[in-house]
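Open the structure in your viewer and switch to a cartoon view. The stops below are meant to be selected in order.

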Amino acid sequence: MNNYKLIIMTDDRQVVLERILQVTRYRGFLINGINAQVNTGNQIATIELYVSSERPIELLIDQINKLIDIKGVKVDNKADNKGAQQHSA
């Protein structure tokens, strides 16, 4: 199973996190952990999402980018099994 760390920049809206989690589940990715922070100065939230799947990560990135209020999605290629386990919920 492949582990990934996504760094997602969004507008600070309450429903954004729910939409991201729903898309992640629908696309067949297992959520191993999550960390979210808001910069109150510019109202931009940064979400670190740790996921795993046998499916290509591009499937998930494309769908998250289609959501309203998403500013951008990056994959941190340094994510590994240890990183995903340390940040698990």
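Helices (H or I, at least four residues) and strands (E, at least two) are DSSP runs, numbered from the N terminus, and two strands pair if DSSP finds at least two bridges between them. This is a predicted model, in which local features need pLDDT of at least 70, side-chain atom pairs count only at pLDDT 80 or more, and totals for chains, interfaces and linings use all residues. Residues are numbered from 1 along each chain as its sequence is written, and side-chain values use heavy atoms, with hydrogens and water left out.

Select M9 and then G72 in β4: the two stand opposite each other. Strand β1 (residues 2–11) runs antiparallel to β4, and six bridges join them.

Now show the whole sheet, which is open and has four antiparallel strands in the order β2-β3-β1-β4. Because β2 (30–39) and β4 (70–76) each have a single partner strand, they stand at the edges, and one side of each lacks a neighbour in the sheet.

Next select α1, residues 14–26, which packs on the sheet and touches β1, β2, β3 (44–53) and β4 (contact means heavy atoms within 4.5 Å).

Which residues of α1 are buried (under 20% relative accessible area; exposed is over 50%, partly exposed in between; 1.4 Å probe, protein chains only)? They are V16, I20, V23 and T24. Seen down the axis of α1, the buried residues fall within an arc of 100° (taken from the directions from the helix axis to the C-beta atoms), so they line one face of the helix. Their cover includes β1, β2, β3, α2 and β4. On the other side of α1, Q14, E18, R25 and Y26 are exposed.

Finish at G28, which follows α1 and has a positive phi, near 85°.

Terms used. Axes are lines fitted to C-alpha atoms, for helices over the stretch in contact, and angles run from 0 to 180 degrees between N-to-C directions.
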